[in-house]
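Take a look at the structure below. We will walk through it step by step.

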Amino acid sequence: MDETVAEFIKRTILKIPLNELTTILKAWDFLSENQLQTVNFRQRKESVVQHLIHLCEEKRASLNDAALLDIIYTQFHQHQKVWDVFQMSKGPGEDVDLFDMKQFKNSFKKILQRALKNVTVSFRETEENAVWIRIAWGTQYTKPNQYKPTYVVYYSQTPYAFKSSSTLRRNTPLLGQALTIASKHHQIVKMDLRSRYLDSLKAIVFKQYNQTFETHNSTTPLQERSLGLDINMDSRIIHENIVEKERVQRITQETFGDYPQPQLEFAQYKLETKFKSDLNGSILAEREEPLRCLIKFSSPHLLEALKSLAPAALFSRIQKLLCYSASHSQGTQDLSSCMSHCIQDVKIMMSQHLDMVNQMYASPDIQLTTID
Amino acid sequence: MSVLRPLDKLPSLNTATILLVGTEDALLQQLADSMLKEDCASELKVHLAKSLPLPSSVNRPRIDLIVFVVNLHSKYSLQNTEESLHHVDASFFLGKVCFLATGAGRESHCSIHRHTVVKLAHTYQSPLLYCDLEVEGFRVTMAQRLVRVLQICAGHVPGVSALNLLSLLRSSEGPSLEDL
C-alpha cells in the first residue's frame, strides 16, 4: 500500500471520534467483520488507529477505498462544511432523458480527467437518488491534494446539486461544466442559498417545508391553542391587547406553519436602482452608478427567530412587513415570496424617504423618482 | 378620548386592579403570576398591556395602579413607555403610577443609562423601583411590594392614601434629585 494512501487513511481515521468509529467502519465495509472484531476499541486512540492501518495494509487498501472512507466521514459530519446550491436547466424544447447513473459517473469522470490529468474522483450513492461525489484536485504537474477535496451532492431526479465551498475556487467553472454535461443539462446557475445544514437546504429547495392551508373547522379555539398560554391560566390576569395578539399569531401561523422551520442562517436581499429627474441638473439623477441597497437578515436560526417575534410581542417593522405581505398574498403562502415582499416595501420606504428629500429641498420643479 | 383617568369609574367591592404596561410580555406574565400568589385580603386583578392607549372596553374595572415596566436592555421599551405616558391623565400621577426598571443586574446588556430612567421618574413625580424580573427571588419580593402599594392605592388600607404614600416615599429620597 502506498505511503500517501496510508497517511491519508490514518489522518481520516484520526478525525473520527471514538464513539462513531465502529459505525463509520461498518458503513465503509472494507474491513471484514472478523478483522474488526480483532481490534480492541477501548484502547487509546493511537493504538486503535495503528491496528486499523495494519489491517488496511493487509487488505491492500487503494486510493479509492480511502476516498470512500473520506466521503462517509463527510456524510456523518455534513455540518462541518458550508454548502452552496446550484441549479441546472435544460435548454428550451429539450426532452427529459432517462437518468443512467453509470453513464453519468463515467461521463463526469472523463470530462474532469480530460481537462486536468491529475484528479481523483470518487462516487457513493445514497438513498433518495442522491450521489455523493468527491473530487481531489491537482494540476498538470502536481498530484491531487487529498486534503482539500470538493464534495458535490447531486440529486439525480432534480436539477439541483449541492457543493461544498472550498478554498480552491479556480476549479469551480470546470466542475460546473462537468456536472452540466454529464447530467445532460444546458446550463448551471448558482443560487443565492448557502448553509451548513444540507437538510435545511433540501427542505427549502425541494419545497418540503410545511405550508398550512386554511381550514374552517378547527375545533380548538384560536385563543387557547395559539397564544401559547396555559389553558389553566388565571382568570384574574387579563391581556388588553388580546385581539392584536391573536391576529399576529394567526398570521404567523399562516406564514410559517406548525412544524419546525428549515434552519436558515442569513438571507440577503439586494436592491439596485437609479434615479431620474425631469429637469436636468439634479445631483442624484446624474450619478452614473445606481444606488445599491443591501438588506441582510442573519441569525443562528433565522426563520424560528422571525416566528418567535410574535410571542415576544415585539411588533417591529420586520414583523409588520411579514404580516402585510402575508395578508396580501393569495393562494398558498410561499415563504420566499413572502420574504421578497420586503424588497417592495423597502422600495416604498425609499420612495417615502425621497418625498422627504423633495420636501426638504423645496424645489417644485425638481422631482426625484426611482426606476426599477 | 383614550386617556386613562383614575376616577372615571366606580370601584367594585373589595377589588383592586393593577395595570402593567411593558413590551416584555413574558416578564409581565411572570410578575402577574407572582403577584396573584400573594396572600391578600382584597381581590386582585391584573391587566397586562403592551402600550397605551388601551383598546376600548366597557367591562374594564377602575384601574388603581399603573406600573410602567422599562427594560433597560431595550431602547424600544423606553420609547414605548414614553409614548404610553401621553395617554395617562395628569391626576393619575398623584401616587397611582409607578416605574419599574428591570435588567439592571446585567450591566453589559444595558443600553439605557440608569439616569435616564431616574430622570423620567422624577419628571413624572413617581417612584422608581428596580427589580430584575427574571430572577425568581427578586420578582417575588417585588410582587409583595406591589401588592401592598396596590392595596393602598385602591384605598383598602385605612389611614393611608396613595398621596400619603407618595410623599412618604419621596421624602426618603435625598435632595440630590433636585439637581437632576
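Chain A has 13 helices and 10 strands. The model is predicted. Chain A holds 372 residues, and 42% of them count as buried, with under 20% relative accessible area.

Next, consider contacts along chain A. Take those between residues at least 6 apart in sequence. Of these, 68% join residues at least 24 apart.

Now turn to a sheet. Strands of a sheet pair through backbone hydrogen bonds, either parallel or antiparallel. Which kind of pairing does this sheet have, parallel or antiparallel? The pairing is parallel. Six strands make up this open sheet, and their order is 7(A)-2(B)-1(B)-3(B)-4(B)-5(B). At the edges are strand 7 (237–239) of chain A and strand 5 (128–130) of chain B. Each edge strand pairs on one side only. On average, neighbouring strands of the sheet are turned by 25° against each other, direction ignored.

Zoom in on one pair. Strand 3 (residues 65–71) and strand 4 (residues 97–102) of chain B run parallel, joined by six bridges. Follow B:V70 across to strand 4 of chain B: its bridge partner there is B:A101.

Helices come next. Helix 4 (residues 136–153) of chain B packs on the sheet. This helix touches strand 1 (15–21), strand 2 (43–49), strand 3, strand 4 and strand 5 of chain B. Its direction makes about 150° with that of strand 3 of chain B. Helix 3 (residues 114–123) of chain B lies across strand 4 and strand 5 of chain B. Helix 3 of chain B runs at about 145° to strand 5 of chain B.

Definitions and conventions
Residues are numbered from 1 along each chain as its sequence is written. Chains are lettered from A and ligands numbered from 1 in the order in which they are written. This is a predicted model: local features need pLDDT of at least 70, side-chain atom pairs count only at pLDDT 80 or more; totals for chains, interfaces and linings use all residues. Side-chain values use heavy atoms; hydrogens and water are left out. Two strands pair if DSSP finds at least two bridges between them. Helices (H or I, at least four residues) and strands (E, at least two) are DSSP runs, numbered from the N terminus. Axes are lines fitted to C-alpha atoms, for helices over the stretch in contact, and angles run from 0 to 180 degrees between N-to-C directions. Contact means heavy atoms within 4.5 Å. Buried means under 20% relative accessible area, exposed over 50%, partly exposed in between (1.4 Å probe, protein chains only).
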